[in-house]
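Here is a short report for a first look at this structure. Start with the sheet, then turn to the pocket.

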Amino acid sequence: MTASPDLGTHRTATPELLRSVFRRHAAGVAVITARGARPAGFTATSLTSVAAEPPLISFGVGTGSSSWPVLAEADHVGVHILGEHQQELAATFARSGADRFAAPTRWYSGPHGVPVLEDVLAWMVCRVVARVPAGDHRLVLAEAVAGDPTGDGRPLLYHQGRFNGLRD
């Protein structure tokens, strides 16, 4: 039996504690897109595979984000897995106020009119099935309806507040 850790070093749960803990969690980087009057999109590290049958995914989106009004109404979303060569694309979609779909971003209108980014490792178009309130965010559940897993390269990761490549 090991000795228990010194419980005097713990901190009360706060938003900063949550952010500090998750900075230590390496996460894959995705871009979520949706069609509205103008295309919308954002960088996400909260993408999760939920179920294989039916093929469900989830991600979180802040209700204060510039993308939320479009995502709140969208029937379908695009989910793009970024490669380590796409750090600048990830930064563009994370940047507030940026025209995320302007050059040099390369994209086309995919299934259901969803913006599909070019040169990604993989992408899916998903039908939104639920938006679950979660604090100042919504957890979006969506079912995959189309996609392409055949892009080349290695995944882009997010860790300690930075985009990184996968190391051997």
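Predicted model: local features only at pLDDT ≥ 70, side-chain atom pairs only at ≥ 80, totals over all residues.

Three strands form an open sheet, in the order E1-E11-E12, and their pairing is antiparallel. Strand E1 (27-28) and strand E12 (162-165) are the edge strands. Each of these two pairs on one side only. In general, strands of a sheet pair through backbone hydrogen bonds, either parallel or antiparallel.

Look next at strand E11, residues 156-159. Four bridges join E11 to E12, and the two run antiparallel.

## A helix across the strands

Helix H3 spans residues 87-94. H3 lies across E11 and E12. Its direction makes an angle of about 155° with E12.

## The largest pocket

The largest pocket holds about 1200 Å³ of space. Its lining counts 29 residues. Nearest the centre lie Arg19, Thr43, Thr45, Ser46 and His137.

By class, the lining has 11 nonpolar, 13 polar and five charged residues.

## Who builds the lining

Four elements each supply at least two lining residues: helix H1 (15-23), strand E3 (40-44), strand E5 (56-62) and helix H3. H1 gives the most, with five residues.

Key. Residues numbered from 1 in each chain as written. Heavy atoms only, no water. 1 Å grid on protein atoms, 1.4 Å probe; cavity = no way out; pocket = protein on both sides within 12 Å on 5 of 7 lines; lining within 4 Å. Points joined across faces, edges and corners; volume = space filled by probe spheres on them. Nonpolar A, V, L, I, M, F, W, Y, C, P; charged D, E, K, R; others polar. Pairing = 2+ DSSP bridges. Contact = heavy atoms within 4.5 Å. Axes fitted to C-alpha atoms, helices over the stretch in contact; angles between N-to-C directions.
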